[in-house]
Amino acid sequence: MGPQPGRSVTALLDSLGVRPLINAVGPATRLGSSTPSADVLAAMAEAAAVYLPMHELQRAAGAEIAALTGAEAGYVTNGAAAGLMLAAAACIAGDDPALMNRLPFTDGMRDEIVVHRGQRIAYDHAVRASGARLVEIGFHDLTFPYELDAAIGERTAAVLYFSNSGANALPLEQVVAIAHARGVPVILDASLAIPPVENLRRFADLGVDLVAVSGGKWIGGPAASGFLYGRADLLRSVALQQQDQDVRVETWHGAPLIAGGTVAGPPHQGIGRALKVGKEEIAGLLAALRAYVARDHAADQARWRAAAQTVVDALAGIPGADARVLPADGRERGWPIAEIALDEPALGLGAYDVVRALAAGAPPIALDEAVAWRGALRVTPTHLRDGEAAVVAAALAAALRRTDPTSAHTKADRKDTDA
């Protein structure tokens, strides 16, 4: 017999045999992103209990997103990747429902999206899924402004930019200026650019046409949430391609768009149908965004620095381990991390060995393995709960010393991780 209504979450997870873990990676999708607050869960429950006209809910939520970011308009998506796909579709199809109906087949359309070669990452698949063809400029170590200008032509739909690629790319300000001089919009993947909170308005102030943000990461909304903000006309196209279009013209809420000559008629269910967002996610995202903008960000930074320092201090004096705190830089990475460079031959074990050891521990600990390929580990402290930094530090020290991690901390130290 399966889990019964009213049973606790812990009982449900126990029945499935899935163990909660300590998240030293940050708001990674593979770990469930974040843990929404009680207010966010309450907003989701409120929306879940009623029926709502989704276009009105999106319009109201979008207006608040616009007010918080300083943009013309906003729109809730089911994640930042969905936002990128919808943004690309909007830039390709505009307000033409016939083009919307054809996506992702783009023969004869303006379907080219320019991107720095050094910014090609796995997540640009979301843009390509719209039917867009990526046109690369520059090299991994250097790009000149004239290369962007030369790449823009009659088939260019947009320029794509990744805020945290770490690549040697043209500054975003320069990209916007060149693209706008040629009449081309800019799409920004800002999924890892918040924090700092100031970036929400900075990107709008720079004139970025469509900004995609994750709602389930540092903002603390539902895992399957995100939002777009930017130009009102492009976000109108997003809505036309994402909302339910099983409609008749006579009763369609968008009929004024036909009367005004903006669109010829409603599109059919299009490429955005698979990207629909529920009323629960819209409500939860908005509650989380309100709280995120209002929270004490300086206190967050201080808490994260202290947690990272706890890890570094615990590893001091261990031969073959060089630990340090890398501070937030406010642009590419808005949060501090603890990085541990390993002398793998001297230690007799590699970074991946440590990752596997902590993942198999009690409690399981997930480490950031982004730089394990070069013999380094990272602890991202942003989603550690009270007391967990000490648990992570003790487990790391034990693994590097090859001792029993349970001897380094007590059961009482771990009580907040067992639920």
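This is a predicted model: local features need pLDDT of at least 70, side-chain atom pairs count only at pLDDT 80 or more; totals for chains, interfaces and linings use all residues.
Y146 is exposed, with a relative accessible area of 56%. The cut-off for that word is over 50%.

Three aromatic pairs are counted in the model. In one of them, the ring centres of F144 and Y146 lie 5.6 Å apart. Their planes meet at 10°. Planes under 30 degrees apart count as stacked, so the pair F144 and Y146 is stacked.

Now turn to the sheet. Seven strands make up an open sheet with mixed pairing. Read across, the order is β2-β8-β7-β6-β5-β3-β4. Which strands stand at the edges? They are β2, residues 73-77, and β4, residues 133-137. Each has a single partner strand, so one side of each has no neighbour in the sheet. Neighbouring strands are also turned against each other, by 25° on average with direction ignored.

A helix packs on this sheet. It is α3, spanning residues 54-69. Helix α3 touches β2 and also β8, residues 226-230. The direction of α3 makes about 120° with that of β2. Edge strand β2 thus has a single partner strand in the sheet and a contact with helix α3.

Next, look at β3 and β5. Strand β3 covers residues 112-116, and strand β5 covers residues 156-162. The two run parallel. How many bridges join them? There are four. For V114, the bridge partner in β5 is V159.

Note on methods. Residues are numbered from 1 along each chain as its sequence is written. Side-chain values use heavy atoms; hydrogens and water are left out. Two strands pair if DSSP finds at least two bridges between them. Axes are lines fitted to C-alpha atoms, for helices over the stretch in contact, and angles run from 0 to 180 degrees between N-to-C directions. Contact means heavy atoms within 4.5 Å. Rings of Phe, Tyr and Trp (its six-membered ring) pair if their centres lie within 6.5 Å; planes under 30 degrees apart count as stacked, over 60 as edge-to-face and the rest as tilted. Buried means under 20% relative accessible area, exposed over 50%, partly exposed in between (1.4 Å probe, protein chains only).
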